[in-house]
Amino acid sequence: MKPEEQDKKLDKLISASIEQPELDFDFERWKEEYTDVIEAYEKQTAEKPQTRSVFRLIRGGGLLRFAAAAIIVIGVFLAAQYMTEGLTTIAWADVAERFRSIPFFNATIYIKEDVTSEPKQVELWMSRDGKTRLRTGTQVIFGRQGKVIKAFDIKNKSQVDADEHADFLLQKLGSAKEFSLDSVIKVVFRGKMEDVTPLINPDAVISEDMVVFDIQSTVSPEWLRIWALRESRLPVRIKVWDPRSGDGTDVVFSYSTAQADEFFDPNVFETLLFSRRASSRVNLAYAYLKDPGGRQITPEDMFAESGFHMPEIAQAGITPQGAVWVIAEKGQNRSPEGRSFYGFAEITDDLGREYVRVYSSHETMSDQSKDVFVPLGYPFDTNVPGKITLSCKMDEYNARERDPLIGTIELNEWEQGKMWPEGTIDSSAHGLATTLAWRHANAERYEQAERILAAITGEPKAASAALERERIRLRILVKQKKYEEAVTLGAGLMPAMEENYRRWKGHAPQASDFTDYVLALACTKRVGEAEKVWSRLKTIEPEIPDRLNERARRRIAENTTQGFEYAARLIVGQLSYEARLTVEQINEILDIDIKNNEAFRHYTYWDWNPAYDKPEFKNWQHRLSELAEYYKAHPLPEKMEILKRDKDLEFAARFTRMPGIDTHFAEPLRRKFREYAYFYRYPESAGRLRMEDGLAEMELQHDLIYRVGTEQPEKIAFTLDYFGMEVVEVNEPREVWIAKYDGRKLKDYKDVKATGKATAMSSGGFDLEYLFRSLMDQQNRDLKARGPVIIDETGVREKVSLECPSFEGPEGLETARKWFGEEIGITFEEQTRTITTYVIRKKQ
């Protein structure tokens, strides 16, 4: 009987059974009528004992006396029948073809070298067009068509050579002519697989919705197994095993829609890696990876919606000297960028005193934070407040573009006149005072620092406290640029400092303790002595207790080496700009190679900048040489002249001095004329400059040659005249905003940030003059003088913000009103006044 006839007769059976009442169902007649159907199905399932038993029941009729029961059993049988048939008909070609059709897959690969080794993990993301990305250890690697494009180390934040396993993996994936599962199998079989078709292994199947294929190597005992889903025909796992050594590879697959282009873009990743917001390794490892189900993958995802909380105070007190200490549970918070911050960042009291946090620690296991704050007058100011307010807030960096304050807690009760519980805070009254003295010195509060230092007695050779006292004094002398006095003090301290460096203190020694003395030597042109100090420091063997094992000793050695690099990074900028040393001289002192060391790639120097190797800088250097050659045959101008260039090249001006010419400088006039004329009579002209149509967009391809000492206004006036332009002052009615201040208490400027995009940020803060000028500049980008002119009647002269917002576009004025009003208490009164506008036009 043909299958279609079987199915048709079976449909008739089911329909008839449903129509008949249970008691009227004639089982014997039913069995006789449909014996041929049963026999046909039974023949097809002769090798399936479970279905044979079903038909044995049907034939006997002992258990099936009701139509409904017969239908259920037949239904169960048919489901099993078709499912089993489906499994047996899946071929390897079906799985391979299905895999070839997917747009993107992710594979997590575990490689084990022998039976006892820890597996190495490699995460692979690949799209059908050959774009790949891998993560292994601290490396993130980008590839295309089997070749490594770029590899980065997210721990050291540097570009590196790709891991050998990852490089091999990419090569094998790229060797295939097309996106295929066979190429993946060759990778996990480490290139040792022959052209063998995987065969179904029925004994390895434990579930009817899974099919298993095996490959046995023909040259070794190694074997490979692939698990695939029956319905989707997609592989979900691959395992390679070598019974000789127990080494193997496991691959787990997952599938989704393709990731965005930026996920596979090494340049986008590089920008993120070297940006200031790249601190979390999790954020970097999985940067731009999106979960298809909308789940969170990184801390940045996790904290996209707040997720912050307030620490819970467990104990608090004020010491006899006036230090406020706080121990809190649930002390850890994390920013969306993955950076953690702990406990409380600031406190205030009802006496209006300014406090400094001088101690902070956090226990990860218990999530307990411990903070100590002291008033600036510590340890001499022992006034007792009636109320203390503690603030949990993000630090300045974490708080970019968001409110840094998480919340506040007010304290009215604490343990007055008591030290913290023993074993909780690793400091002392003296330690807190010394820490505050360092803060005073670095903040140039020298008198307050000296008041604390004067209370410390003893000689540097005999007492560590006295040595630290003199080190703080050395820092003060260096910051005051009293370099000769600093050299004298530093030379006297060296024996005690070297002995302190050698002495075991529970951690690796700190080379940064010597940077002030080395800087003082460099600033007094004692470069050779500075080099000897640093070289001698590297020869000192720190004392390490015998009880420490080899692993601990290696860690101390590594930390010591890192300490020298850290110290070098602290002072390379000062050695360059304050001591005016060349990069080569700095290299000699610190025994480093600045130009080829990734640790110094973000620093600039008075005589060298990593950007100087870019084509635009080299173009300008070549142009300066051309100008020098030109003036060998032509006289230099008395004051100024402009020369037109033959070539339109991109320039970046590093130096303005032409080789062999000391009396004149050269300055490139490039891009659009607006970028040069914009600064006519600036900053007075902010918001008041207008240019005739067509002038602002005029392209410049010239060089301005001028005598040393020529001021910027003279250069701009000369340039305007050269190009046949003039400036006319027009008195005309203009919209004016009168800025007024409502008298509220100003916020700490560090807490005032842009609510959206920031155009500038300064750690020293911005005043209203800068902010108002920026508003007028941004509203006059088109140089039509159509925006408002701001007149400042606030009387506020101090710094008011850390950032300057974007005020561009039609919505910029509303942004300005809202931001100035909410953040600083500034309102604007609109008026119309006669204002002078500077109009740049072609000469009449």
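What follows is a working chat about a predicted model.

Biologist: What should I know about the model before we start?
Modeller: It is predicted, so local features need pLDDT of at least 70 and side-chain atom pairs count only at pLDDT 80 or more, while totals for chains, interfaces and linings use all residues. Residues are numbered from 1 along each chain as its sequence is written, and side-chain values use heavy atoms, with hydrogens and water left out.

Biologist: How many helices and strands are there?
Modeller: The protein has 24 helices and 30 strands. Both are DSSP runs numbered from the N terminus, with helices being H or I of at least four residues and strands E of at least two.

Biologist: And how much is buried?
Modeller: Of the 844 residues, 45% are buried. Buried means under 20% relative accessible area, exposed over 50%, and partly exposed in between, with a 1.4 Å probe and protein chains only.

Biologist: What share of the contacts joins residues at least 24 apart?
Modeller: That share is 66%, among contacts between residues at least 6 apart in sequence. A contact is heavy atoms within 4.5 Å.

Biologist: Take helix 24. What span should it have?
Modeller: Its 13 residues, 812-824, should span 18 Å at 1.5 Å a residue, and the end C-alpha atoms are 17 Å apart, which agrees. The expected span is 1.5 Å times one less than the number of residues.

Biologist: Which of its residues are buried, and what do they pack against?
Modeller: The buried residues of helix 24 are Gly-812, Ala-816, Trp-819, Phe-820, Gly-821, Glu-823 and Ile-824. They pack against strand 26 (725-741), helix 23 (768-779), strand 29 (801-805) and strand 30 (826-842).

Biologist: What follows helix 24?
Modeller: Gly-825 does, with a positive phi near 80°.

Biologist: Now helix 12. Which residues are buried there?
Modeller: Gly-431, Leu-432, Ala-433, Thr-434, Leu-436, Ala-437, Trp-438, His-440 and Ala-441 are buried in helix 12. Their cover includes strand 17 (355-363), strand 18 (368-375), helix 13 (446-453) and helix 14 (464-479).

Biologist: Where is Asp-426, and is it buried or exposed?
Modeller: Asp-426 is in the loop between strand 21 (415-416) and helix 12. It is exposed, because its relative accessible area is 69%. Its C-alpha is 8.7 Å from that of Tyr-359, and the two are 67 residues apart in sequence.

Biologist: Different topic. At what angle do helix 17 and helix 19 pack?
Modeller: Helix 17 (residues 527-539) and helix 19 (residues 583-590) pack at about 35°, with axes 7 Å apart. Axes are lines fitted to C-alpha atoms, for helices over the stretch in contact, and angles run from 0 to 180 degrees between N-to-C directions.

Biologist: Which residues meet?
Modeller: From helix 17, Val-527, Ala-530, Glu-531, Trp-534 and Lys-538 meet Gln-585, Glu-588, Ile-589 and Leu-590 of helix 19.

Biologist: What about Thr-582, where is that?
Modeller: Thr-582 sits in the loop between helix 18 and helix 19. At 23% relative accessibility, Thr-582 counts as partly exposed. Not counting residues up to four places away in sequence, Thr-582 touches Trp-606 and Asp-607.

Biologist: Which element gives the most to the lining of the second largest pocket?
Modeller: Helix 18 does, with eleven residues. The lining has 32 residues, and Thr-561, Gln-562, Glu-565, Tyr-566 and Arg-569 lie nearest the centre of the pocket. On a 1 Å grid over the protein atoms alone, a pocket is an open set of points where a 1.4 Å probe fits, with protein on both sides within 12 Å along at least five of seven lines, and lining residues have an atom within 4 Å of a point.
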